[in-house]
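Please open the model in your viewer and keep the selection panel at hand. The tour below moves from one selection to the next and says what is found at each stop.

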Amino acid sequence: MNQPTASSSIWKVIAASSMGTLIEWYDFYIFGMLAKTISVQFFPEGNDVAALLSTLAIFAAGFIVRPFGALLFGRLGDLIGRKYTFLLTLVLMGSATFLIGLVPGYKTIGVLAPILVLLLRLIQGLALGGEYGGAATYVAEHAPANKRGLYTSWIQTTATLGLFVALGVILLVKSSMSNEAFDAEWGGWRYPFWLSILLVGVSIYIRMKMKESPLFAKLKHEGKTSVNPLKESFSHKANFKMVLLALFGAVMGQGVIWYTGQFYAQNFLETRVMIEFGQSRTILLWAILFATPFFVFFGWLSDKIGRKWIMLIGMLLGVLFYRPIYQSFLDSVDHTKIEFVDLKVTAKPKIEAVPIGTTNGFVRTITTSYASANGWAYTETVRDTVRQQGDAIVAKPITKYTDRQLPKPVFWKFVWLVFIQIFFVTMVYGPVAAFLVELFPTKIRYTSMSLPYHIGNGVFGGLVPFIGLLLTTSFPADPLVGLWYPIIVASLCFVIGALYLNNKIDPNVND
């Protein structure tokens with residue numbers, strides 16, 4: 001049986017594991033945080049939606065390849081050990097992230113730019129596929145059974161904290177320069193990628209001082225490690241059944257809840273609600289800050305009452321409340337429902353006219369910025385088609401509102417709405433590491449738990465932003481249509497989990 005690690009030592013284990021995992025998540029997510037800017041840099045001009053979709057597809061590719069990283073590094077972790085495997089993943093992730101910041105833009109090297117970014121993104125995905133399973137397994141194999149949920153929940157905070165750090169760094173860089181300087185080909189948007197190399201260096205130094213997991217070291221000393229972790233994980237019927245149950249009864253739903261509550265929320269606020277860049281990120285930062293302690297709370301609670309129902313209730317809450325939450329976002333910025341006090345023009349209207357081929361008409365675009373005394377501010381863009389004779393409008397004007405800034409009451413309402421979503425995330429994500437390690441024996445744990453985790457998160461969860469935007473583009477009449485994907489997936493997972501998951505905590509999982 002596993003001998004619990006001394007209290008002072010376990011916190012060193014948690015700190016060292018969490019630091020590296022946080023940095024890997026930071027590296028992985030800055031790409032998504034900067035998707036809109038990256039789409040301009042690495043794809044040709046002319047179709048902003050197609051460029052953004054292509055960028056999100058590259059972003060998603062990093063998720064799709066994660067299961068292959070889970071197999072590759074999971075096998076290494078079960079053969080040679082946890083420590084050196086997730087040390088290797090850290091080096092790969094940091095190097096790929098730094099190099100993305102060095103790739104020239106489309107205007108400089110053409111189609112080679114998105115190809116190079118895609119290749120580096122795939123390396124990131126492979127590395128992350130091996131990182132999480134190693135960190136969660138390493139901590140769990142140091143923890144006593146009655147605190148396994150509590151201790152592994154600290155690893156669970158790293159994904160959201162990595163997102164928090166990514167947001168903070170991006171906002172800090174952007175606030176120190178003009179929009180033009182930030183968005184330039186070699187502008188400030190590259191700095192967060194370059195910073196990665198320093199963070200990774202610190203984490204490598206910390207991890208080099210770590211010792212191997214005591215359980216794995218004992219197995220290795222006794223010559224009982226797995227000879228073929230892949231075969232033992234997936235060819236044995238009982239173990240493969242547990243892999244499938246973990247995926248379809250827990251991690252699939254957990255994945256879509258995680259990415260809806262954070263990535264889809266940010267994308268929706270920026271591209272649908274059209275909130276100004278800095279304010280949309282600040283909303284997410286506050287929500288993450290308030291919600292993060294609940295990862296640890298639900299990890300602790302799962303040690304008391306079991307993992308199953310905490311995770312499933314989190315999924316069910318997402319299914320029931322996503323559409324009302326996102327409808328509230330839209331209703332809050334509906335100009336027909338807002339009372340603007342003392343609305344004034346803050347920038348002289350800018351008029352652009354583009355001729356329509358050889359006709360006698362042109363497309364006119366009028367851009368005007370406004371601010372009101374009660375805290376609202378926005379940019380209005382009106383586009384219509386005009387005849388040259390008499391300035392007569394011959395097409396219905398299309399009006400768009402962008403760069404919205406919210407007054408404080410609405411701002412904090414949005415923080416609350418995002419916080420609720422991340423609260424659901426903490427319920428499904430806080431206990432999941434302990435849940436996964438308890439399903440599989442030590443000698444094949446790294447491989448067995450990594451695959452369902454990264455399929456559930458990397459494929460089902462990671463595709464949330466891309467599929468959401470694709471559905472919204474295909475069915476523009478319903479601005480909330482993108483939510484049906486996570487709602488359906490979480491619903492299926494809830495049903496399967498409710499029927500087949502066991503809520504019992506296994507005290508002998510580390511035998």
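Predicted model: local features only at pLDDT ≥ 70, side-chain atom pairs only at ≥ 80, totals over all residues.

**The core**

Begin by selecting Tyr29, Tyr326, Phe329, Phe414 and Tyr429, which have the most contacts inside the largest nonpolar core, a set of 129 residues. Helix α13 gives the most to this core, with 16 residues. As a general background to this stop, nonpolar side chains in soluble globular proteins tend to be buried together.

Keep Phe414 selected and display its surroundings: leaving out residues up to four places away in sequence, phenylalanine 414 touches Leu269, Val273, Ile275, Ile283, Phe329, Ser332, Val333 and Leu406.

Next select phenylalanine 268, which is placed in helix α13, residues 237-271. Is phenylalanine 268 buried or exposed? Its relative accessible area is 2%, so phenylalanine 268 counts as buried, the cut-off being under 20%. Apart from neighbours within four places in sequence, the residues in contact with phenylalanine 268 are Val273, Tyr326, Phe329, Leu330, Pro479 and Leu480. For a sense of scale, draw a distance from phenylalanine 268 to tryptophan 194: the two are 74 residues apart in sequence, and their C-alpha atoms are 27 Å apart in space.

Move to threonine 158, which lies in helix α8, residues 148-175. With a relative accessibility of 1%, threonine 158 counts as buried, and, when neighbours within four places in sequence are set aside, its contacts are Ser18, Thr21, Leu22 and Trp25.

Then select residues 445-461, which form helix α19. How many of the 17 residues of α19 are buried? The helix is mostly covered, with 14 of them buried. If you draw a line between its end C-alpha atoms, the distance is 22 Å, which agrees with the 24 Å that 17 residues should span at 1.5 Å a residue.

**Salt bridges**

The structure holds 9 salt bridges. Select glutamate 438 and arginine 148, which form one of them, with their closest N and O atoms 2.6 Å apart. What does this pair tie together? Glutamate 438 lies in the loop between α18 and α19, whereas arginine 148 is in helix α8, so the pair ties together parts that are 290 residues apart in sequence. Both partners are covered: glutamate 438 counts as buried at 10% relative accessibility, and arginine 148 is buried at 1%.

For the next pair, select lysine 344 and aspartate 342, whose side chains meet in a salt bridge at 3.7 Å, N to O. Here lysine 344 counts as partly exposed at 49% relative accessibility, and aspartate 342 is partly exposed at 45%.

**The surface**

Finish with Val111, Leu112, Ile115, Leu116 and Leu119, which make a nonpolar surface patch of about 420 Å². Within this selection, leucine 119 is found in helix α7, residues 112-140, and its relative accessibility of 48% makes leucine 119 partly exposed.

How values were computed
Residues numbered from 1 in each chain as written. Heavy atoms only, no water. Patch = residues over 30% accessible without salt bridge, like charges linked within 9 Å, V, L, I, M, F, W, Y side chains within 5 Å. Areas by Shrake-Rupley, 256 points an atom, 1.4 Å probe, with all protein chains shown as cover. Salt bridge = Lys/Arg side-chain N within 4 Å of Asp/Glu carboxyl O. Helix = DSSP H or I, 4+ residues; strand = E, 2+ residues; numbered from the N terminus. Buried < 20%, exposed > 50% of the residue type's maximum accessible area, 1.4 Å probe, protein only. Contact = heavy atoms within 4.5 Å. Expected span 1.5 Å × (residues − 1). Core = buried A, V, L, I, M, F, W, Y, C linked by side-chain atoms within 4.5 Å.
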